[in-house]
Amino acid sequence: MIARLFNAPMHDPCQESLGCSTVGSSEAIILATLAMKRRWQHMRRAKGLSTENPNFVLGANCQVAWHKALLYLEIEPREVECTEDLLYMDPQKAVDRVDENTIGVCAILGSTYTGHYEDVKTLNDLLDEKCEENGWDIGVHVDAASGGFVAPFVVPELEWDFRLKRVVSINASGHKYGLTYPGVGWAIWRSPEYLPQDLIFNINYLGSDQASFTLNFSKGASHIIAQYYVLIRLGRTGFTKIMRNLTTTSDHLAERLKNTGRFTILSQGEGLGLPLVAFRLNSPHHYDEFDISARLRERGWIVPAYTMAPNLEKMKLLRVVVREDFSRSRCDILIRDILAAVKSLDTWDEKAVEDTRILTAEQSHSAMHVNIGSFKANTVEEEDESGLKSPTAKKAVGIC
């Protein structure tokens, strides 16, 4: 069902797509990277070439799961830096970093930072041209952790999936816009060609022949059942209504914030990005986005403030992710509270802002974790050689 959603080829029963459920997109990313590395190794060995120094090209705006995958699998990351003019991966710069040791290129459908959909079609065309010139076979993996259950319903004409020749694998998270509880992800391959057979374990001791390609064997089935139920319960029509409603709400929020004249919108609207709003203050103040986030917490909102990708850390921003339960009326309340927070901070001087930051930092964790060094160890009095009693530290009890 998910493979069809991603337009996987269905014309040849021997070359149909295959995939597996995973523990979120993190496991899916590791498995997809492992498959790319193993396939690259097989191709290199068949030509009598070295299999040392594999590399993988991706944007600096990638999620931390990618850093884990490349570190654990001993693959050199070649990151394309983001700029103030382009807050996600430039496909031309990505292809420029490709060489014979490149096992694959990642494109993100829904950047962690700003929700942008990266230009997978341009990446596909540029990479295909370079591979034809050099006799390489390098695939694209699409990290659709967030956008996989949004783009097919909001912008079905957008070419990012298996319609593109070089896209060989896709991951998606069921617990984001797939509308299930956290804990399920999906890894889909275009065809068996892109998932080396020697990575798959075949077992029969559970009553039938099964193929297994996972990092862990035992896991609950409830999330898979929930995903299956949601897919058949809503269908394409239901998902389309929900996702388009979320997009409309996020566009409304972005427009209202922009009209205040206080903020710059960094995310992409009209369905060309995730239904979220990433924004920042459009001029320097004695307070910043982190101060606004702290004020919003006092009103019950958790709106994360963070810095951009490496080499753009000076850029701070806030992000509001629009989910199914975020109604238009709730959106208007959030807008009201954001404006109230900003107007409140306008009345503070720089010292008041700094004092509040210090106080917030001190109270951000329990006292035991912050001031653990100030706690006296339990003591017991012991007699020394002179017969006087002196305190001696007892063995400390471990903190849970």
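A residue is called buried under 20% relative accessible area, exposed over 50%, and partly exposed in between (1.4 Å probe, protein chains only). The model is predicted: local features need pLDDT of at least 70, side-chain atom pairs count only at pLDDT 80 or more, and totals for chains, interfaces and linings use all residues. Residues are numbered from 1 along each chain as its sequence is written, and side-chain values use heavy atoms, with hydrogens and water left out.

**Exercise 1.** Determine where Lys176 lies and whether it is buried, partly exposed or exposed.

*Solution.*
Step 1. Lys176 is found in the loop between strand 6 (167-173) and strand 7 (185-189); strands (E, at least two residues) and helices (H or I, at least four) are DSSP runs, numbered from the N terminus.
Step 2. Its relative accessibility is 28%, so Lys176 counts as partly exposed.
Step 3. The side chains of Lys176 and Ser173 are joined by a polar contact of 3.4 Å. Such a contact is a pair of N or O atoms within 3.5 Å; within protein, one must be able to donate a hydrogen and the other to accept it, and residues adjacent in sequence count only if both atoms are side-chain atoms.

**Exercise 2.** Describe the length and the burial of helix 2 (residues 24-46).

*Solution.*
Step 1. Helix 2 has 23 residues and reaches 34 Å from its first C-alpha to its last.
Step 2. This is close to the expected 33 Å, the expected span being 1.5 Å times one less than the number of residues.
Step 3. Of the 23 residues, 17 are buried, so helix 2 is largely enclosed by the rest of the structure.
Step 4. Just after helix 2, Gly48 takes a positive phi of about 70 degrees.
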